[in-house]
Amino acid sequence: MSNEQEPPLILHRISDFGDDLSEDNSRFLTIPNFPRSKEDETLSLNDELRAWAKGLHALEAATELLIRSFDGRFAKPGNPWIDKDMDSGNVWVNFEAIPENLGGTSDGERRLLMLAASLSDVGVEINLGDYLPGFDRKILNLVLAAVAHAAGSHEHSDFIADAEGIATFERLPSLHLWPNES
């Protein structure tokens, strides 16, 4: 047994959106109370964005694309599509704002941002034939994982027969995992 004391925990409000996780329909994230680095602040924002998108596969996939691509710079404060309600502190991605705010982005960044906006199901339509060619393997890997997630392949189930022919109903793995997941 260690004599070291655990740092005190602070409950941080994440979002009022999504599934009812408590009687007052709010979500909380428990984070140890210790000095936070800039990286910790980014991780916290990423967690808040994930909590906001939770439960809608297409929105989860589009949000995850912003978080994981281009070192996460498109999921950071200061981007015109990252919104925060000053009264409640809730954050979300306004995917509808992406098309009119692409100035200063490279062609690859523009294509990824438009693909994420389209995937979010807010009415932004793209022609995949115009957007997929030219992605490097790293971005294409993220796009494939996002499409599989948006389609809900991580929640598909099927009857699986064992060596004796006995079938059981089991959850199947995602058709394409997010990088660094096993």
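I looked up helix α3 (residues 107-119) for its buried residues, where buried means under 20% relative accessible area with a 1.4 Å probe on protein chains only, exposed over 50%, and partly exposed in between, and I noted Glu-109, Arg-111, Leu-112, Leu-113, Met-114, Leu-115, Ala-116, Ala-117 and Leu-119. I work from a predicted model, in which local features need pLDDT of at least 70 and side-chain atom pairs count only at pLDDT 80 or more, while totals for chains, interfaces and linings use all residues. Residues are numbered from 1 along each chain as its sequence is written, and side-chain values use heavy atoms, with hydrogens and water left out.

I took helices as DSSP runs of H or I with at least four residues, and strands as runs of E with at least two, numbered from the N terminus. The buried residues of α3 pack against α2 (57-68), α4 (128-131) and α5 (137-150), with contact taken as heavy atoms within 4.5 Å.

I then turned to Ser-174, which lies in the segment after β6 (167-171) and is buried, with a relative accessible area of 15%. Leaving out residues up to four places away in sequence, I found Ser-174 touching Ala-148, Ser-153 and His-154.

Last, I checked Arg-111, whose charged end sits over the ring of Phe-135, 4.8 Å from its centre; this requires NZ of Lys or CZ of Arg within 6 Å of the ring centre and within 35 degrees of the ring normal. Elsewhere, I noted that Phe-70 is partly exposed, with a relative accessible area of 23%, whereas Phe-74 is buried at 6%.

Terms used
The expected span of a helix is 1.5 Å times one less than its number of residues.
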